[in-house]
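Please go through the fold of the chain shown below. The briefing covers the sheets, a helix pair and the totals for the chain.

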Amino acid sequence: MSSSTAAHGSAPIAEAAPLSLCAREPHVPADRLVAEMVPPPRFDSVRFDTYVPDPNQPSQTQAVQVLSTFAAGLGGATAIGGGKRRWFEFGKKPAAPAAPRGVYLDGGYGVGKTHLLASLWHATPAPRELKAFGTFVELTNLVGALGFQQTVRTLSEHRLLCIDEFELDDPGDTVLVSSLLRRLVEAGVALAATSNTLPGKLGEGRFAAVDFLREIQGLSAHFRPLRIDGEDYRHRGLPEAPPPYSDEEVTKAAYATEGASLDDFPHLLDHLAKVHPSRYGALTDDVRAVCLTDVTAVPDQSTALRLVVLADRLYDREVPVLASGLPFDRLFSEEMLNGGYRKKYFRAISRLTALARDAKGLVAQ
């Protein structure tokens with residue numbers, strides 16, 4: 001067989017060695033963080049009419065109706081001038097609305113909350129530069145990059161802020177986000193968020209939420225909760241995740257796939273500690289498949305939370321993950337899965353499982 005022919009069929013062997021995520025330490029300018037606050041590639045083309053409600057879950061159909069109405073209602077809100085710094089040009093800011101100026105999508109894993117949130121972003125009749133979409137982690141990272149006051153000034157010019165995977169993990173985040181959203185609501189920005197936790201329950205199991213009850217209740221007051229019931233669509237009628245492959249199969253696939261990365265899993269976990277989570281998206285720039293050898297159980301909570309962020313960025317970008325070692329449902333210990341971050345870990349397992357299914361075609365059949 002020619003050296004330019006892959007072991008699986010006629011696909012060409014990559015001429016160069018695979019990429020390595022461990023060799024990357026990307027620098028991400030603050031302006032890129034703002035410019036990239038749009039729905040990720042996986043949700044570029046989603047719309048309300050591409051969401052398929054489960055006929056056995058009427059709350060899903062109701063969510064589409066409520067969010068469609070919400071988007072339409074933003075057409076004239078704070079739109080005078082239609083451009084940036086519109087309120088400052090008129091010398092005053094709008095009065096804070098009396099009723100909640102936001103919707104909060106609460107539901108389990110894989111019921112389509114992010115699909116609906118991205119559909120809301122697309123449906124809102126405003127220029128792209130007046131709408132922002134990002135995960136909760138990306139929002140807090142933006143504050144870290146720009147500073148609080150500059151973040152307020154930048155996002156106050158938006159008509160809508162969508163926050164995916166809303167989760168409060170420590171008291172500092174609670175106070176920070178509470179203050180930020182209060183300032184944005186005062187400026188007339190509409191809010192939308194998704195989470196697996198009702199707004200009044202944020203922070204439970206992770207820190208002494210009762211000590212920060214005022215801040216949490218302040219956050220809750222900004223949103224109208226909208227419950228979405230259903231089962232994880234990623235497993236609805238689909239086969240179980242494929243078992244892990246051998247090191248040899250993973251390595252061969254990495255060399256046979258253009259744009260693939262190849263890393264030893266424990267080394268990658270160590271490398272993630274050296275890269276700020278706000279850069280994990282840039283870490284995967286131009287990577288078409290992630291190949292991992294020797295997947296083992298995650299050793300501690302800090303490492304586990306970094307892996308959750310990476311899993312989110314890979315899922316957003318639809319990057320398949322081929323792995324050897326332990327199956328993904330054994331990444332996290334029972335103690336972790338029963339602890340305060342369990343929802344994050346189950347989401348990571350669900351998403352990595354979906355990406356593992358996507359990677360089946362990389363291996364010789």
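β6 and strand β7 (residues 289-295) pair in the parallel sense over five bridges; strands count as paired if DSSP finds at least two bridges between them. The bridge partner of Ala260 in β7 is Ala289. The model is predicted: local features need pLDDT of at least 70, side-chain atom pairs count only at pLDDT 80 or more, and totals for chains, interfaces and linings use all residues. Residues are numbered from 1 along each chain as its sequence is written, and side-chain values use heavy atoms, with hydrogens and water left out.

**Three-stranded sheet**

- The open sheet containing this pair has three strands in the order β6-β7-β8, with parallel pairing.
- β6 (260-264) and β8 (321-325) are at the edges with a single partner strand each, so one side of each has no neighbour in the sheet.
- From one strand to the next, the twist averages 15°; axes are lines fitted to C-alpha atoms, for helices over the stretch in contact, and angles run from 0 to 180 degrees between N-to-C directions.
- Helix α9 (residues 247-256) packs on this sheet and touches β6, β7 and β8; contact means heavy atoms within 4.5 Å.
- The direction of α9 makes about 160° with that of β7.

**Five-stranded sheet**

- Another open sheet has five strands in the order β2-β3-β4-β1-β5, again with parallel pairing.
- Its edge strands, β2 (131-135) and β5 (224-228), each pair on one side only.
- Strand β3 (residues 160-164) pairs with strand β4 (residues 190-195) in the parallel sense over four bridges, and Ile163 stands opposite Ala193 in β4.
- Helix α4 (residues 113-123) packs on the sheet, touching β1 (102-107), β2, β3, β4 and β5, and its direction makes about 165° with that of β3.

**Helix pair α5 and α6**

- The axes of helix α5 (residues 136-146) and helix α6 (residues 148-155) come within 7 Å and cross at roughly 115°.
- Leu139, Leu142, Val143 and Leu146 of α5 meet Phe148, Gln150, Thr151, Thr154 and Leu155 of α6.
- By class, this contact has six nonpolar, three polar and no charged residues; Ala, Val, Leu, Ile, Met, Phe, Trp, Tyr, Cys and Pro count as nonpolar, Asp, Glu, Lys and Arg as charged, and the others, Gly among them, as polar.

**Whole chain**

- The protein chain has 14 helices and eight strands, which are DSSP runs numbered from the N terminus (helices H or I, at least four residues; strands E, at least two).
- Of the 365 residues in the protein chain, 51% are buried, meaning under 20% relative accessible area with a 1.4 Å probe, protein chains only.

Terms used
Buried < 20%, exposed > 50% of the residue type's maximum accessible area, 1.4 Å probe, protein only.
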